[in-house]
Amino acid sequence: MDDIITLEFNDGKTVECEIRGVFDCEGKDYIALDPLDGTDDIYIYGYKEDLDDESFEVLDITDEEFEKAVAEFDKIMG
């Protein structure tokens, strides 16, 4: 897994992000991304490893999933 990925949003804006980690919440995998744009934001997305184990997908999640994943991430980070 690369340490840096580039997210591209629907409006064409791109943001380079450092991968903080992949974690489990209620049986689903999520990825925490730290944007390299000078903000203190952390992006949380769904995570799906491809069959070749060499690539992965970053997936949009529902607001409910997001809230649960953020709570789990905060708990992990202590």
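E64 is exposed, with a relative accessibility of 54% (exposed means over 50% relative accessible area, buried under 20%, and partly exposed in between, using a 1.4 Å probe and protein chains only). This is a predicted model, in which local features need pLDDT of at least 70 and side-chain atom pairs count only at pLDDT 80 or more, while totals for chains, interfaces and linings use all residues. Residues are numbered from 1 along each chain as its sequence is written, and side-chain values use heavy atoms, with hydrogens and water left out.

**Charged pairs around the helix**

Back to E64: its partner in a salt bridge is K68, with 3.2 Å between the closest N and O atoms (a salt bridge is a side-chain nitrogen of Lys or Arg within 4 Å of a carboxyl oxygen of Asp or Glu). Both E64 and K68 sit in helix α1, 4 residues apart, or about one turn of the helix. Helices (H or I, at least four residues) and strands (E, at least two) are DSSP runs, numbered from the N terminus.

K68 also has a salt bridge to E26, at 3.4 Å from N to O. K68 belongs to α1 (residues 63–77) while E26 is in the loop between β2 (14–25) and β3 (28–35), so this pair ties together parts that are 42 residues apart in sequence. K68 itself is partly exposed at 34% relative accessibility, and E26 is exposed at 63%. E26 has another thing to look at: its phi is near 55 degrees, a positive value in a residue other than glycine.

Further along α1, K75 and E72 pair up too, 3 residues apart and about one turn of the helix. K75 is exposed, with a relative accessible area of 61%. As for shared partners, salt bridges join E26, E64 and K68 into one network. The count for the model comes to 5 salt bridges, and here are three of them:

| Salt bridge | N to O distance |
|---|---|
| E64 and K68 | 3.2 Å |
| K68 and E26 | 3.4 Å |
| K75 and E72 | 3.6 Å |

**The sheet and how the helix sits on it**

Now for the strands. There are 5 of them in an open sheet, ordered β1-β2-β3-β4-β5, with antiparallel pairing (two strands pair if DSSP finds at least two bridges between them). The edges are taken by β1 (4–8) and β5 (56–59), each with a single partner strand, so one side of each is left without a neighbour in the sheet. From one strand to the next, the twist averages 50 degrees. Such angles run from 0 to 180 degrees between N-to-C directions, with axes being lines fitted to C-alpha atoms, for helices over the stretch in contact.

Helix α1 lies across β2, β3 and β4 and runs at about 80 degrees to β2 (contact means heavy atoms within 4.5 Å).

**Aromatic pairs**

A search of the whole structure turns up 4 aromatic pairs (rings of Phe, Tyr and Trp, the last by its six-membered ring, pair if their centres lie within 6.5 Å; planes under 30 degrees apart count as stacked, over 60 as edge-to-face and the rest as tilted). One of them is F23 with F73, a tilted pair at 5.7 Å centre to centre and 40 degrees between the planes. F23 is in strand β2 and F73 in helix α1, so the pair ties together parts that are 50 residues apart in sequence. F23 is buried at 8% relative accessibility, and F73 is buried at 10%.

Another is Y47 with F56: the ring centres are 5.2 Å apart and the planes are at 35 degrees, so this pair is tilted. Y47 is buried at 11% relative accessibility, whereas F56 is partly exposed at 22%. Ring pairs also link F23, Y30 and F73 into a cluster.

**A loop residue: T39**

T39 is in the loop between β3 and β4 and is partly exposed at 32% relative accessibility. Its side chain makes a polar contact with the side chain of D37 at 2.7 Å (a polar contact is a pair of N or O atoms within 3.5 Å; within protein, one must be able to donate a hydrogen and the other to accept it, and residues adjacent in sequence count only if both atoms are side-chain atoms). A polar atom of the T39 side chain also lies 3.4 Å from the backbone nitrogen of D41.
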